[in-house]
Amino acid sequence: MSKTRKVVVINEAGRISTEEQETPAPKSGQLLVEVHASMVSPGTELGGVKRRRENPGSQARQRPFGYTNAGVVVGMEGDCDEFEIGDRVAGMGGGYALHATSACIPHNLCAKIPDDVAYKEAASVHLAATALHAVQRGRIRIGENVVVAGLGIVGQFACQIAKTAGAYVMGLDRLPLRIGIAGNAGIHRAVNVSETDPIPIAQEFTDGYGMDCGIIAFGGDATSAFQQIRATLKTAPDTHKMGRIVIVGGASITHGFAAGLGNVDVISAARTGPGYHDEAYEHGADYPPVFVPWPTQRNLALSLRLMSEGKVQVQPLITDVVPIDQASEACEKLIQTPNEALGVVFSMQ
């Protein structure tokens with residue numbers, strides 16, 4: 001293993017570059033992964049860059065970023081018995097699964113990659129597991145009608161996973177690129193809300209029945225999307241709305257409750273499921289399966305299995321694969337022209 005690694009960093013002025021740093025040693029409970037690919041999360045990682053550039057901080061203070069990647073185990077420390085040197089793994093976690101040529105990742109934030117899943121696809125595992133957890137939180141069942149607002153990467157995965165669960169899925173976004181990608185990935189209906197009112201389309205899509213569940217998969221002010229989703233939900237004979245709305249993006253919503261909302265369950269879906277940000281769990285502790293059947297590592301493994309089985313398609317989401325040395329230019333594309341890129345993968349090899 002090289003004594004140095006390439007790593008993508010961002011400074012307090014919002015400028016992105018690729019630097020060379022010393023390769024860290026894994027701590028107890030961590031795997032040292034030689035990374036082959038990492039995927040950018042446009043919203044979480046780059047959503048605040050324009051604001052930061054308007055009020056720039058120090059250009060000297062910078063930090064590595066990234067939280068989902070894939071590669072080969074080349075070292076480990078402590079009890080990581082389920083893994084061996086040479087295993088292909090997908091890893092996740094802010095501060096761990098960096099955009100870097102090597103990374104130290106807690107072993108419970110890693111899962112083995114099936115043989116038929118490419119590194120560039122497996123590198124999306126954190127985003128896929130986030131969507132999986134949202135669908136699980138929404139209690140989505142076969143035959144239900146589901147609307148997903150926001151067709152970024154997490155929203156795209158949420159559409160596919162809800163479809164795999166047996167639901168009929170309609171997606172909403174404002175960017176033509178994302179509408180096209182959703183169609184290529186097999187979503188039942190994708191609507192550009194900047195051109196078309198989705199409410200009557202939802203009525204037609206559900207044969208007048210109404211949506212059972214909505215998912216909001218983007219950050220920022222989501223009040224308008226929340227109101228649209230509420231309007232598409234089932235309506236009881238007493239005029240009250242019924243159904244479930246899952247918030248998986250970092251959204252802010254202003255809306256009345258009780259009679260102002262109806263009998264609607266509003267559900268928050270935090271990250272990839274139980275375990276993430278519990279340092280003891282991340283590094284090897286476990287939760288009793290009878291109480292926590294779907295902790296983060298199991299969600300990672302299932303996400304990769306769904307990719308292997310073709311039930312989750314990553315390839316249609318990938319618009320750019322670039323060497324890590326070109327990370328800055330690729331990130332600028334996501335920031336400045338979001339209708340020209342979605343899934344950006346950094347290749348390390």
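The sulfur of C104 lies 10 Å from the closest cysteine sulfur, that of C110, which is too far for a bond; a disulfide is a pair of cysteine sulfur atoms within 2.5 Å. The structure is a predicted model, in which local features need pLDDT of at least 70 and side-chain atom pairs count only at pLDDT 80 or more, while totals for chains, interfaces and linings use all residues. Residues are numbered from 1 along each chain as its sequence is written, and side-chain values use heavy atoms, with hydrogens and water left out.

For C80, the closest cysteine sulfur is likewise in C110, at 8.7 Å, again too far for a bond. The count of disulfides by this rule is zero. C104 has a relative accessible area of 8% and is buried (under 20% relative accessible area; exposed is over 50% and partly exposed in between, with a 1.4 Å probe and protein chains only). C80 is also buried, at 1% relative accessibility.

Two packed helices are described by the angle between their axes and the distance between the axes. Helix α7 (residues 198-205) packs against helix α8 (residues 223-232) at an angle of about 30 degrees, and their axes are 9 Å apart. Helices here are DSSP runs of H or I with at least four residues, numbered from the N terminus. Axes are lines fitted to C-alpha atoms over the stretch in contact, and angles run from 0 to 180 degrees between N-to-C directions. The two helices are therefore roughly parallel, a term for angles under 35 degrees.

In the contact (heavy atoms within 4.5 Å), P198, I199 and A202 of α7 meet Q228, A231 and T232 of α8.

Conventions:
Angles under 35 degrees count as roughly parallel, over 145 as roughly antiparallel, 65 to 115 as roughly perpendicular and the rest as oblique.
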